[in-house]
Amino acid sequence: MIGLLRKDQTLLWSSYGKNFLLVGALYTIMSCLSDSMVFVLYALVFLGGMYAVSTLSMDEQSQWDAYVRTLPVTPGQIVGSKYLLTLGWCALCFALATAVWVVKAAVLGTLAQSWAANLAGCLSALLVVLLYCALTLPLSYKLGAAKARSATMVLLTLLMAGFILAGIALSSGNGTLPSMAENLAAINDVQVVGVLALLCLGALALFAASWAVSVGIYRRREG
């Protein structure tokens, strides 16, 4: 599997390395120049996952599957390398984004006041990209990378609509939407960080389940 990871990492870096360095530098400068632009660091976390998933499109274009099936590797290793690559890039970009705002806040002397809000932003981005990749990867093996991206956006839109409708349904009971919003606003940033951390752990469990599903799809496709 190490060889598969090295192949994907080399392919990804040769395709996006310069772009990643440029975007990373630009986002860092923007976030340092203005507190209102710190959200671009959260986008950097999402970008890492998108880069990793894009290697599936590259594999399809080069017909990589026809070659890799001749190698002494299992479907679990072939698929697992994609998932490990995705986790690695998400972790890297999460660490970079976190390091930037920590250094900036430490220099300005605002770390004690802003750490929870900034960490919550990075955790939110990590949660979204893990959910996105957990849906996109198995769909890519089933439908192809291009169709998978569209299908994932549809699924995420439906999921968001479901949450909104559920909120409306709940508001028709004992509470109201304004009161629910007030309750959410009353939660402090530290509590939000705790909730988001638990949600990210749940997303990692879903990510592992997604790997198992993708392996099953790949085995059936191979047969």
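As for handedness, the α5–α6 crossing is right-handed. Sorted by class, the residues in the contact of α5 with α6 come out as 23 nonpolar, four polar and one charged.

Helix α5 also turns up in the confidence figures. In the protein chain, α5 has the highest confidence, with a mean pLDDT of 92. At the other end of the scale is helix α8 (residues 177–186), where confidence is lowest, at a mean of 47. Where pLDDT is low, the predicted coordinates should not be read in detail. For the protein chain as a whole, the mean pLDDT is 84, with 88% of residues at 70 or more.

Over in helix α1 (residues 2–33) there is glutamine 9. With a relative accessibility of 30%, glutamine 9 counts as partly exposed, because that value falls between the 20% limit for buried and the 50% limit for exposed. Apart from neighbours within four places in sequence, glutamine 9 is in contact with Leu85 and Trp89. The C-alpha atoms of glutamine 9 and leucine 85 are 7.3 Å apart in space, although the two residues are 76 residues apart in sequence.

Conventions:
Residues numbered from 1 in each chain as written. Predicted model: local features only at pLDDT ≥ 70, side-chain atom pairs only at ≥ 80, totals over all residues. Heavy atoms only, no water. Left-handed = near helix turned anticlockwise from the far one by under 90°. Helix = DSSP H or I, 4+ residues; strand = E, 2+ residues; numbered from the N terminus. Nonpolar A, V, L, I, M, F, W, Y, C, P; charged D, E, K, R; others polar. pLDDT = per-residue confidence, 0-100. Buried < 20%, exposed > 50% of the residue type's maximum accessible area, 1.4 Å probe, protein only. Contact = heavy atoms within 4.5 Å.
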